Amino acid sequence: MPSEEKLSYYLSKSKTLDNFKFNKKLSVAILSSFTINGLEETIRVKCAEKKIQCITYVSGYNQYTQDILKNDSDLYQSSPEITFLILDVRSIMGNLFYSPYSLSVEQRKDFIEQKANEIINLAKQFTKNSKSKLIISNFCIPTYSPYGIFENKTDYGLKEMINDLNQLLTKNFAKEFSIYIYDFNSFVTKYGENNVFDYRQYFYGDIKVSLNFIPYLADDFVGYISAILGLNKKCIVLDLDNTLWGGIVGEDGFEGIKLGDDPTGKAFVEFQLYLQALHQRGIILAINSKNNFDDAMKVIKEHPNMVLREENFASLKINWNDKVQNFRDIVDELNIGLDSMVFFDDDPVNREYVSVSIPDVFVVDLPPDPANYTQTLLSMNIFDVQKITEEDVNRGKMYLQQRKRSELKNEIGNFQEFLKQLNIRVKIKKADDFTIPRISQLTLKTNQFNLTTHRYQEEDIRNFSKTPNKIVGCAQVEDKFGDNGITGVYIVNKDSSNEWTIDTFLLSCRIIGRGVEEGILNHIIEKARKEGVKKIKAQYIPTKKNKPTENFLPSYGFKKVGDFWVYMVDEPIRKAIHLVVVE
Amino acid sequence: MSQKLYEIVSKVMNVPLVDINDNSSPESIENWDSFSLYILLDEIENTYGIKFTLEETLEIKNVGDFKKCLEHHGVSLN
């Protein structure tokens, strides 16, 4: 089991949180059908560890229905941004939990359908009254059955009933943007029904998740919180020896390392397989290893049991340089914020060194036994995102192209010449069903090239795109090495027929430094000119991370007027000459 | 040997160790409520590797009662 603190630790720590103030604030509501003391405190502590100040509302014992149905309830007064609704199987089944077969098959089916509808209606009511995301737990399928071994020969038995209820909820909410199903059934499967459910605590205080397991549940919930806030990790930096394979290639040799055939070797293959799965959904992988480059590359390229190959890594720092320096080089190369990086290294000294030198990096406390590497990685909720988009799936390929680009840059030397040779094409696209998820995702997670850092959920973007006085657009950027996908977003407010304001203007870090921003701005200004607009206003709102955007507006010719940067449309446009913009 | 038990009580109830004795109870410890009692039970069970019965948990009124229960389960604190 992954290591976790006791509930008492979180309870006493939660009392000290008033002393900490963080910039990120979040309002969370917890509704449940049973006693779930300690969850709220643990969530607040775990959020504070991620530098989020979490303000919580906890509904009274089993008061969730009233709270949701009354449109001026304390729940709505607390204006939650994320709401957890935790229901349990005993409450929903009532007496039928022990005697489901007192009803006929048809009645059982009706009962489950009715229960599903009750929850669906509650959720509908909730989304009418609140803009909060809603996370509803599904139901734990009990290991017990009143019919024992005959259960599986019984039409629509207890387990099937609850499974059906879970399916109905999942299917119904699959297309809802603001509602997620929390797989509580998997949570119980992972830790075991006999552990998670303690009869004494149940009889004593209607506690249906035993106190020992509240921190684990809180951890899953905080996973949703980070995903919704866009705080997910994006890149894993890996050591090689004793991390991706067993042994030391420089000493044990190509044939001597453990990878695949023996039990220890299997542990490393398994670990690589899971890393590959993460890579396939958009997590970037990089290597930071002290090794002879040729020895290590031979394994990566030629070892028959190696899962991850050269093309899976966005950066390969295999040398004898300082680990921290290597780390900083990787960050520069990939243009990813330090706080979205994770470091895996089997050597505690290296871990300590990176952790102390670059505190923003998440350094994983790797267990001493490689057999547990995979479980450690699997139990981390840090990679979750609200939505996996096509860009995520193709990200690995894009970073590979990026590596090739920087190789070309090194060959050519002259930057302007390099840009010209890239043959950049910027395709301007409107916000539609295909692009809206990605547009929202970019506003949520782009930090560096972002004029205003306004964060917008999918619903917001969808609403903007329907508003006549707003332009929501995005840019897909291609070059000779391939497609970068949608990597630029702009939102313009048409304040009047004379004046527009740029509400949002951002570029994904992946394409910073290629003059794409000029192409997009050209496009906006030309559009303004066609519509007879005289003046375009923009703002640069400084944050800790958007320094790369600081000089963009003045360098383009915007003049500072009060709080805004202003561009008079009749002034000649500085044309981006190295790229083509198409609509 | 009572020391270890007192330490657990002090940690869970957020009370200085010196203020804990066998007579410590909801009257003298502000944080002692039905919920914190269960957290305390949990920690004591995990520390000593025993399980209290439901009945026992209901009869615990002060720290001294914990000792009696522990002794009943073969854990001697004196």
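A:K208 counts as buried because its relative accessibility is 9%; buried means under 20% relative accessible area, exposed over 50%, partly exposed in between (1.4 Å probe, protein chains only). This is a predicted model, where local features need pLDDT of at least 70, side-chain atom pairs count only at pLDDT 80 or more, and totals for chains, interfaces and linings use all residues. Side-chain values use heavy atoms, without hydrogens and water, residues are numbered from 1 along each chain as its sequence is written, and chains are lettered from A and ligands numbered from 1 in the order in which they are written.

Start with the lysine. A:K208 sits in the loop between α10 (199-205) and α11 (214-229) of chain A. Helices (H or I, at least four residues) and strands (E, at least two) are DSSP runs, numbered from the N terminus. The A:K208 side chain makes polar contacts with two side chains: that of A:D206 at 3.1 Å and that of A:S91 at 3.3 Å. A polar contact is a pair of N or O atoms within 3.5 Å; within protein, one must be able to donate a hydrogen and the other to accept it, and residues adjacent in sequence count only if both atoms are side-chain atoms. Beyond four places in sequence, A:K208 has contacts (heavy atoms within 4.5 Å) that include A:F34, A:D88, A:R90 and A:Y202.

Now turn to strand β6 (residues 235-238) of chain A. A:C235 and A:V237 are buried on one side, A:I236 and A:L238 on the other. β6(A) pairs (DSSP finds at least two bridges) in the parallel sense with β7 (residues 284-290) of chain A, over 4 bridges. There, A:I236 stands opposite A:L285. β6(A) also runs parallel to β9 (residues 341-344) of chain A, joined by 4 bridges. A:C235 has A:M341 as its bridge partner in β9(A).
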